[in-house]
Amino acid sequence: MSDILGYGAYIPKNRIKIRKIAKVWGKNPELIEQKLGLEEKAVPDQDEDTITIATQAARNAVKHADINPQKIGAIYTGSESHPYAVKPTSATVGEAIGATPEMTAADYEFACKAGTAGMQNCMALVESGKIDYGMAIGADTAQSKPGGALEYAAAAGGAAYIIGEKDGIAEIEDTYSFTTDTPDFWRRKEQPYPEHGGRFTGKPAYFRHVINATKGLLKKTNQELENFDHIVFHQPNTKFPTKAAKKLGIPKEKIEKGLIVRKVGNTYSGATLLGLASVLDDAEPGEKILVTSFGSGAGSDSFSIKVKKHANNPRPVKKFVERKKYVNYGEYTKLARKLKR
Amino acid sequence: MTHRKALPGIWRRFPERYRLEGNKCKNCGEHFFPPRIICPNCRRDGKLEGHEMSKEGEIYSYTIIRSAPVGFEDQTPYVLAIIELKEGTKVTAQITDVDPEEMEIGMEVEEVLRKISEDGKKGKINYGYKFVPKS
């Protein structure tokens with residue numbers, strides 16, 4: 001089994017109100033806010049991208065775990081907005097945290113679930129005794145077409161986890177995945193913005209995979225949902241994870257602590273991992289957490305986690321959620337490089 | 001304008017740009033950033049060793065750039081400052097995540113990795129240290 005030795009979050013400071021986006025495109029702001037359960041989203045600054053977000057999260061994780069970064073044997077960064085098409089984000093992160101050169105690294109892409117896929121790889125390498133510590137990162141500066149439905153949610157942020165064999169703050173008891181070929185959302189090569197299947201992103205994509213992965217994990221580990229104190233689902237908005245919880249009969253209070261999307265938007269590969277970090281920030285020893293990510297295309301990774309001690313993270317998720325500066329739609333289009341010239 | 005910077009020159013300075021690696025003279029105890037080849041105090045008696053500088057310091061002085069050089073035009077107005085690190089060494093860097101009007105001498109800051117420049121649309125993206133107000 002593997003332990004989480006430490007974790008770090010990072011969310012850019014800029015925010016835009018969802019109602020401001022809706023107003024620009026002639027939609028009903030109240031209806032959009034209410035339908036999606038979103039108030040504002042995090043927007044990267046001009047000098048921020050997935051590499052800088054992943055690095056800040058990774059640095060915070062190293063500080064929290066209080067380990068020698070030279071002992072990190074693997075770094076995997078999951079994102080759908082790696083700044084380079086070819087040249088690994090993970091290598092720059094490794095250099096910036098002082099983990100290079102004796103380590104393996106690769107970038108992952110599986111829409112919003114590439115970060116949890118990295119976590120599974122770190123678990124495998126740690127449990128087989130190949131490495132001492134592994135680092136899994138989920139980070140994104142999500143792209144969205146101006147005026148499209150994704151623009152209300154596509155945000156920026158990330159989280160990094162350091163996985164080791166023992167002596168961590170929480171134990172990852174087991175993991176289970178559910179993957180199929182489902183064309184709910186994609187971005188073709190050299191296209192600036194992704195396309196999506198509208199309502200098709202719901203039932204056959206998000207709900208089928210999240211629910212089956214969650215049920216599969218429970219069956220594999222011989223547990224009931226009642227065993228868990230907190231449940232974290234991938235959060236493209238507030239509506240989807242709330243509805244998934246309802247379908248599974250999970251009481252609302254069990255998903256609340258890990259639901260931060262309302263204030264930061266959908267941070268894609270960062271979303272599930274930031275939700276988990278938010279739960280770990282205040283979790284009590286002995287509490288159990290069930291985590292299920294979702295990546296379009298489509299798949300879900302589920303984890304059963306048992307908290308061993310108080311995290312005492314000096315940079316909790318709340319700190320990043322509350323640190324903000326509002327920008328208007330014009331400034332946002334400049335920052336998100338949506339203006340052609 | 002596409003201006004491609006020499007790759008070896010940038011690559012050699014990654015430890016300095018990504019991790020604030022400077023050096024320290026074991027003989028006189030002074031820290032240097034960027035790293036020095038010889039200790040200016042001790043000359044041939046100096047014993048320099050690598051040292052990762054502390055990532056915190058305070059604003060020693062600053063200026064607000066309103067007329068920027070090529071490649072930085074979109075960022076104006078932005079802050080360029082001299083930061084005195086805990087070791088007493090001074091570093092010149094951009095201050096980001098700050099409203100220029102909020103700047104003041106003595107302000108506590110911490111280092112972050114940010115994008116510094118891009119060599120056009122096809123070239124390399126250059127990352128390095130900037131500072132933000134301490135949170």
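How many residues of chain B are in contact with chain A, and how many residues of chain A are in contact with chain B? In this predicted model, 18 residues of chain B are in contact with 24 residues of chain A, where contact means heavy atoms within 4.5 Å.

## Basis of the model

The model is predicted, so local features need pLDDT of at least 70 and side-chain atom pairs count only at pLDDT 80 or more, whereas totals for chains, interfaces and linings use all residues. Residues are numbered from 1 along each chain as its sequence is written, chains are lettered from A and ligands numbered from 1 in the order in which they are written, and side-chain values use heavy atoms, with hydrogens and water left out.

## The interface

Chain A and chain B bury about 2000 Å² between them, and 43% of this lies on carbon and sulfur atoms. Buried area is the accessible area (1.4 Å probe) that two parts lose on being put together, summed over both. On the chain B side, D74(B), D97(B) and L113(B) lose the most area to chain A, together 27% of what that side buries.

## Chain A as a whole

Twelve helices and 14 strands make up the secondary structure elements of chain A; these are DSSP runs numbered from the N terminus, with helices (H or I) of at least four residues and strands (E) of at least two. The radius of gyration of chain A is 18 Å, close to the 20 Å that the globule rule gives for 341 residues, so chain A is as compact as a globular protein of that length. The radius is taken over C-alpha atoms, and the rule is 2.2 Å times the number of residues to the power 0.38.

Of the 341 residues of chain A, 62% count as buried, meaning under 20% relative accessible area, with exposed over 50% and partly exposed in between (1.4 Å probe, protein chains only). Among contacts in chain A between residues at least 6 apart in sequence, 79% join residues at least 24 apart.

## Helix α10 of chain A

Helix α10 of chain A spans residues 271-282, and eleven of its twelve residues are buried, so this helix is largely enclosed by the rest of the structure. The buried residues include A271(A), L274(A), L276(A) and D281(A).

## K86 of chain B

K86(B) lies in the loop between β5 (78-85) and β6 (90-95) of chain B. At 63% relative accessibility, K86(B) counts as exposed. Not counting residues up to four places away in sequence, K86(B) touches S54(B), E56(B) and G57(B). K86(B) and M53(B), 33 residues apart in sequence, are 8.2 Å apart in space, C-alpha to C-alpha.
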